[in-house]
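Hello,

Here is the structure I promised to pass on. My notes follow below it.

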Amino acid sequence: MALPELSTEQRQKNLELAAKMRRSRAALRADLKSGKQTLTEVLERADDPVVMRMKVSTLIESLPGYGKARAEKLMAKVDISATRRVQGLGARQRAALIEALSR
């Protein structure tokens, strides 16, 4: 399937939108790291385009005390794929993740 031909204005608009989304995700990760927001609060906003397109592993790694290895271990324990995005989490997976992090 060929990519659509975009005008210069359309391309610029898409680039600006992508940059805005990256800044929003970075701000969200910073809020998680600083404790301004909890993972539960973020998961409740799962219909937000910024949140729903983030990988679950990225969210966990943004939590204080969690790095790549610890996030992978937690996701394996809760049976969440390493490539899963927030929008793809089921209700049971969300509950299990919140439960595992609340201990």
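What covers the buried residues of α1? The cover includes α2 (39-44), α3 (49-52) and α4 (56-61). Those buried residues are Ala19, Met21, Leu28 and Leu32. Buried means under 20% relative accessible area, exposed over 50%, and partly exposed in between (1.4 Å probe, protein chains only).

Some ground rules. This is a predicted model, in which local features need pLDDT of at least 70, side-chain atom pairs count only at pLDDT 80 or more, and totals for chains, interfaces and linings use all residues. Residues are numbered from 1 along each chain as its sequence is written, and side-chain values use heavy atoms, with hydrogens and water left out. Helices (H or I, at least four residues) are DSSP runs, numbered from the N terminus.

**Helix α1**

α1 runs over residues 8-34, which makes 27 residues. From first C-alpha to last it reaches 39 Å, close to the 39 Å expected at 1.5 Å a residue. The expected span is 1.5 Å times one less than the number of residues. Gly35 follows α1, and its phi is positive, near 90°.

**Core**

The largest nonpolar core has 22 residues. Such a core is a set of buried Ala, Val, Leu, Ile, Met, Phe, Trp, Tyr and Cys residues joined through side-chain atoms within 4.5 Å. Leu43, Val56, Leu59, Ile60, Leu74, Val86 and Leu97 touch the most other members. Two or more residues come from each of α1, α2, α4, α5 and α6. α5 gives the largest share, four residues.

Take Val56. Not counting residues up to four places away in sequence, Val56 touches Met75, Arg84, Arg85, Val86, Leu89 and Leu97. Contact means heavy atoms within 4.5 Å.

**Ser62**

Ser62 sits in the loop between α4 and α5. Its relative accessible area is 6%, so Ser62 counts as buried. Neighbours within four places aside, Ser62 is in contact with Arg29, Leu32 and Lys33.

**Largest pocket**

The largest pocket holds about 160 Å³ of space. A pocket is an open set of points on a 1 Å grid over the protein atoms alone, where a 1.4 Å probe fits, with protein on both sides within 12 Å along at least five of seven lines; lining residues have an atom within 4 Å of a point. The lining is Tyr66, Arg70, Lys73, Leu74, Lys77, Ala100, Leu101 and Arg103. α5 (68-78) and α6 (91-101) each supply at least two of the lining residues. α5 gives the most, with four.

Best wishes

Note on methods:
Grid points are joined across faces, edges and corners, and a volume is the space filled by probe spheres set on the points.
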